[in-house]
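Hi there,

Here is the structure I promised to pass on. Please have a look, and then read my notes below.

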Amino acid sequence: MKKHAVNLFVPTLILVWALAYWLDILDVSAHDKLLITPVSILIFVLYCYFAFVEFSSYRKERAIALQTEGETTGEYENTFWIKLPRREIAIIFMLAIYLLVVQYLGFGATSFLFMFGMLYLLGVRRLGIMFGFSIISTAVLYFAFKVVLMVPLPGGILGF
Amino acid sequence: MFGGVFFGLVLGALPGLTGTLGIALMLPFTYSMDPLTALVFLLSIYSGGLFGGAITAIMINTPGSPANIATMLDGYPMMKKGMASEALGLALISSVVGGLIGCVFLLLITEPLANLSLQFGPAEMFMVAIFGLSVVGSLGDDVIKGVFSGLFGILLGTIGMSANGIERGTFDVLYLLDGIPLIPTLIGFLSLPEIISLISQQYVVMGELPNPSLKRILSAGKELAKRPVQVFLTSVLGVVVGIMPAAGATVASLLSYNQCKQLSKKRELFGTGIPEGIIASETANNASEGGALSTMLVLGIPGSASTAMLLGALMLQGWVPGPSLFVDHREIIYAAISSLFVQQFVMLAIGVLLCLGAAYILKVPVKYLIPCVLMFTVLGSFADRSAFFDSSLMLFFGVIAYVMKRHQFPIMPVVLGIILGPIADRELLRTVQMYSGNYLEIFQKPIVLILLAISIASVVLPIVIKQRSLKTQG
């Protein structure tokens with residue numbers, strides 16, 4: 001059962017968002033929902049299809065499990081909690097922190113810390129390489145984006 | 001010209017930075033140039049930018065611009081097979097050949113091409129969007145999941161202000177008023193999951209890698225010579241799509257890739273790293289330049305942001321695009337168009353050098369590559385609107401894409417939906433407003449009927465062919 005619930009995770013996420021979108025535009029005239037209406041309906045219909053497929057699959061497996069002796073529970077238990085890839089999550093987390101902090105601390109300092117942290121996370125341990133690579137890459141990016149391309153990078157409290 | 005092409009190539013190669021940005025940056029400098037120099041310089045940036053994005057699309061699965069999304073689909077897998085030089089060479093030579101064919105059309109039939117663009121009204125443009133979306137089901141292993149992903153993408157694409165100025169789906173977030181920003185979305189959906197998945201490897205491509213070589217890059221010419229029909233037809237498709245206002249190189253490359261996949265005998269191999277995929281995308285996106293320029297020069301209608309900038313450059317010179325341009329400044333316009341031919345060869349020369357350099361990226365350990373690429377993705381997303389909201393959106397969509405991939409939901413239909421959904425939405429509204437009370441008139445338009453037939457064929461034909469091949473195997 002839990003395996004089938006996991007399989008419905010993405011469709012449910014999209015359906016919930018589509019529903020929230022639909023509620024957000026409830027007051028909007030029909031002309032401005034010409035494409036949104038049929039697309040939302042189709043999303044709902046396809047969600048029902050996915051739910052039906054998973055439910056049918058669950059019933060079949062349950063029927064088979066009842067026919068053979070004992071229930072097959074342990075086999076699927078572990079898949080309810082998706083095995084979370086720690087390093088990938090750490091990268092996403094570091095990126096999120098970077099985006100939160102960069103506007104306050106400034107591009108230079110935040111990028112240096114980010115590069116340093118990423119190198120450590122990816123297994124680099126030699127401090128000289130970590131410092132040097134972080135400083136040089138931050139400097140090159142700063143020059144390329146701020147000076148050459150005139151992209152307004154945040155200065156933050158440190159000014160660069 | 002060399003400076004413009006090099007600048008465009010480098011900018012196009014950086015994720016999030018496009019040839020359009022290059023044109024925007026250099027536009028003020030053209031004020032002091034004479035008209036021909038200004039036009040040639042900006043056109044060079046434009047040409048260079050169209051190919052530059054293919055380099056990162058192939059090397060790190062991050063399209064440098066939206067026009068290179070389809071290149072990524074076969075370019076990156078080909079690179080992963082250890083054929084980076086061949087993939088880059090294919091992209092380069094396809095771009096050059098596509099650009100040359102686009103130039104021929106531009107030079108010989110500029111005015112008829114531009115007049116053809118006037119035939120594309122709202123109903124026709126809506127059908128173009130539907131035509132592009134008709135293949136979402138075939139972009140993954142599961143047709144229903146592909147369609148579901150495509151619908152999700154279409155809904156995402158409708159976020160923002162409608163054509164009537166009504167806010168939809170923004171949830172009071174000001175940054176979403178203009179809709180979902182395209183470049184951060186593309187980077188998030190397409191690149192971030194791939195970049196993150198590299199952390200389990202030591203190098204981007206494991207195993208013994210042949211050194212990049214000029215011979216291997218230029219050997220791609222033979223692959224193009226083996227497929228003259230595909231090269232010509234995809235270029236023509238690119239030119240035709242290029243003349244459509246608001247279509248542009250992105251739509252040209254996606255439509256071309258989709259059609260080649262649908263009509264090819266090797267359709268199951270698309271996405272696994274075959275030359276046909278790269279050729280389809282790169283010939284079309286560079287050929288679209290010719291079509292877009294004809295519409296811009298003759299009618300004064302910009303087909304994309306890049307041509308809008310070029311229009312601005314012409315107006316800075318005190319010129320008014322339109323039929324009178326060919327009367328008042330004929331020699332300069334045709335000189336600029338002729339320079340496009342030369343630009344393709346300049347792009348070939350500089351592109352070869354960049355490709356040789358880019359192929360060495362594969363020798364850099366992933367632990368040094370990933371932080372740099374991640375910074376580029378963040379800054380590339382930020383650069384467009386100078387808003388870290390866009391970078392946050394990139395990260396958010398990256399997480400969504402990662403989860404979707406783990407649950408076997410294809411991502412390309414989402415991207416297609418985001419690109420073509422707004423076009424479909426806008427043109428559907430205009431069609432309804434224009435034809436309200438007389439919808440049958442829509443089906444009297446030849447272009448609508450042709451596109452409808454091709455869209456239906458795009459969906460039905462692969463199913464029929466698959467059924468037949470299953471029967472013959474059975």
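In chain A, residues 24 or more positions apart account for 58% of the contacts with a separation of 6 or more, where contact means heavy atoms within 4.5 Å. For chain B, the share of such contacts that comes from residues 24 or more positions apart is 79%.

A word on conventions before going on. This is a predicted model, in which local features need pLDDT of at least 70 and side-chain atom pairs count only at pLDDT 80 or more, while totals for chains, interfaces and linings use all residues. Residues are numbered from 1 along each chain as its sequence is written, chains are lettered from A and ligands numbered from 1 in the order in which they are written, and side-chain values use heavy atoms, with hydrogens and water left out.

Chain A has 7 helices and 0 strands, counting helices (H or I, at least four residues) and strands (E, at least two) as DSSP runs numbered from the N terminus. Its C-alpha trace spans about 65 × 55 × 20 Å along the principal axes. The radius of gyration is 25 Å, whereas a compact globule of 160 residues would have one near 15 Å; the radius is taken over C-alpha atoms, and the globule rule is 2.2 Å times the number of residues to the power 0.38. Buried residues make up 36% of the 160 in chain A, with buried meaning under 20% relative accessible area, exposed over 50% and partly exposed in between (1.4 Å probe, protein chains only).

Chain B has 21 helices and 2 strands. Its C-alpha trace spans about 60 × 55 × 50 Å along the principal axes.

Charges are next. Chain A carries 12 positive and 10 negative side chains, with the centres of the two sets 13 Å apart. In chain B there are 25 positive and 24 negative side chains, and the two centres lie 13 Å apart. Lys and Arg count as positive and Asp and Glu as negative, leaving out His and the chain ends; each charge is placed at NZ of Lys, CZ of Arg, CG of Asp or CD of Glu.

How many residues does each chain bring to the contact? Chain A gives 57 residues and chain B gives 58. About 5400 Å² is buried between the chains, and carbon and sulfur atoms give 85% of that area. On the chain A side, Asp32(A), Leu35(A) and Leu99(A) lose the most area to chain B, together 12% of what that side buries. Buried area here is the accessible area (1.4 Å probe) that two parts lose on being put together, summed over both.

Val352(B) sits in helix α17 (residues 330-359) and counts as buried because its relative accessibility is 10%. Its C-alpha atom is 7.3 Å from that of Ile217(B), although 135 residues separate the two along the chain. Beyond its neighbours within four places in sequence, Val352(B) is in contact with Leu92(B), Leu214(B), Ile217(B), Leu218(B) and Met347(B).

Glu289(B) belongs to helix α14 (residues 275-299). Is Glu289(B) buried or exposed? At 2% relative accessibility, Glu289(B) counts as buried. Leaving aside neighbours within four places in sequence, its contacts are Leu43(B), Tyr46(B), Ser47(B), Leu50(B), Leu340(B) and Gln344(B).

Best wishes
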